[in-house]
Structures are given as structure tokens and as C-alpha cells.
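Please examine the model shown below, with attention to the place where its chains meet.

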Amino acid sequence: MDMRSPMGRVRGHGSAGEATAHFWAQRMTSLALIPLSLWFVFAAVSLVGADHATFKAFLGHHGNVLLTVLFVLVLFRHAQLGLQVVIEDYVHADGSKLASLIAVKFLAALGAASCALAAIKLAYGS
Amino acid sequence: MATQQQRPLSPHLMIYRPQMTSVLSITHRFTGVALSFGALVLTYWLTSAAYGPEAFTRAQAVLGSWFGRLVLFALTFSLFFHFCNGIRHLAWDAGWGFEMNRLRATGWLVVAASVLLTLASWLAAYAVAAGA
């Protein structure tokens, strides 16, 4: 039996049934980021003051480009999930809430794709 | 009626005494938002490198300037705080650590560990810079 009022259903409020998937994705990405972010800090520190050739050589190692791509994909997914919660907590007007949720999703996809492509280009490009 | 005025109120942020648990909680959220901005800095760094040697040299100079270093230092602390407190959150998800004494102990552990890890990684970074 649906306990929601017809008005609530029409306005699209109430449970969309996706909270568990969101919760689980946030935890899985955080678990993955424990080793990945530690590796990233080590890598970033080792690349302090590096020139372009050194940076390119670093990503030329298969393990390094693999971990970089994994790191940026999981990082942007985790950021998107977190920012979604922040927006849902503080932005209450329907229009601006929806607009900012969409903007965060698109920006996260753009950032993840940009980083991954940049790393792959440096690793395998000329 | 005099005692009634002394009774605890609901958390009205302007007059509610900050507690370690609530301060760490909002810091976790704040550092998370800051790190989302940090992901954009990372995007700038990687795409500059993909663009070519001149763009990468410029990006390294921007990030290595005093302002760049200030931002990176804040991001390093944000990363380690979010990292350590995130592990604390995962322990809670597993059902461990809700007792008040454990909450306080793990809270201070998070603060100490994130400060130490931040300083250690910056000492390492300056050692690398001196060696390069």
C-alpha cells in the first residue's frame, strides 16, 4: 500500500528508493580511496618540481597510469555522491536543487573524463 | 521557574557550545567540499601536462608559487583529515566506536594523525624539492 498522499506523489517528493544504493556507493568508493589516495600522495610528493619529461616517464609506467585512472574515476564519483548530500541538505528550492544536482553530476563526469584522458594521452601518446 | 531557563536547548548554532564531535562532523563535510575543489586543481595539473611542456611548466610554477603552496597545504590537510575521519566513519558503519569515550579518543586520534601526516608529507615534499 502506498502511504504517500496523491499530492506528494505528483510532486515527486518522498522516497525514490535509491538511498541504499547511494549509501553503498559512497562506502565502496571511500574504501577504494583508502589505498588510492595514499598512493596519490606518495606519487604527488615524488613529482614535486618535476619537468614534463619526468612526469611523462612516470605515467609511462603501466602501474602508474592504471592507478591514476582508477584514482580519478573513483575520486570524482565519491565527490559527486558527497556533494549531492550537501546540496540536498542545504538547497531547498526545487529548481536550484535540481539545477545544482545536474551541474555537479555533469562536472564530475567532465572532470573524471578529462583527467583519465590526460593521463592516458601522457602514458601512450606521442 | 529560575531553573527552567538553565535547561539545555536544541542546537541553536550561535549559542550552542561547540563540541568536539560536532566540530569534527562539520569539518568532515567542509573538507569534503574543499577536496572536490582539489579535484579540479588535479584536473588543471593533469590536463596542463597533456597539453604540452610549456603548459605543464606554467602549471608547476602556479602550484609552486606561495599562493599555490598555501592552497596545496590546505588541500593536503583536508585530504588527510577526510581520510582519517572517513576511516572513523567506516568503523561506525561497522557498528564500532559509538561509546562516548571511544568517540572522543578516535576524534583526537583523527586530529593528531591528520596533522602529523600533513607535516610528514610536506617535509618529504621539501626533501624531494631540495634533491631535485
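A:D89 forms a salt bridge with B:R29, and their closest N and O atoms lie 2.8 Å apart. A salt bridge here is a side-chain nitrogen of Lys or Arg within 4 Å of a carboxyl oxygen of Asp or Glu. By this rule, 2 salt bridges cross the interface of chain B and chain A. This is a predicted model, in which local features need pLDDT of at least 70 and side-chain atom pairs count only at pLDDT 80 or more, while totals for chains, interfaces and linings use all residues. Residues are numbered from 1 along each chain as its sequence is written, chains are lettered from A in the order in which they are written, and side-chain values use heavy atoms, leaving out hydrogens and water.

The interface can next be described as a whole. Contact, meaning heavy atoms within 4.5 Å, involves 28 residues from chain B and 38 residues from chain A. The size of an interface is often given as the accessible area lost when the parts come together. Between chain B and chain A, the buried area (the accessible area, with a 1.4 Å probe, that two parts lose on being put together, summed over both) is about 2,700 Å², and carbon and sulfur atoms give 77% of it. In chain B, the residues that lose the most area to chain A are B:R29, B:L46 and B:F83, together 21% of what that side buries.

The interior comes next. A nonpolar core is a set of buried Ala, Val, Leu, Ile, Met, Phe, Trp, Tyr and Cys residues joined through side-chain atoms within 4.5 Å; buried means under 20% relative accessible area, exposed over 50%, and partly exposed in between (1.4 Å probe, protein chains only). The largest nonpolar core has 35 residues, of which A:F55, A:L59, A:F71, A:V72, B:L42, B:W45 and B:L46 touch the most other members. Leaving aside neighbours within four places in sequence, A:V72 is in contact with A:A112, A:C115, A:A116, B:L42 and B:L46. Another core, of 6 residues, lies apart from the largest one and includes A:V41, B:L35, B:F80 and B:A125.

Is A:R11 buried or exposed? A:R11 counts as exposed because its relative accessibility is 54%. This residue is found in the loop between α1 (6-10) and α2 (19-46) of chain A, where helices (H or I, at least four residues) are DSSP runs numbered from the N terminus. The C-alpha atoms of A:R11 and A:L73 are separated by 34 Å, and the two residues are 62 residues apart along the chain.

Definitions and conventions: Helices (H or I, at least four residues) and strands (E, at least two) are DSSP runs, numbered from the N terminus.
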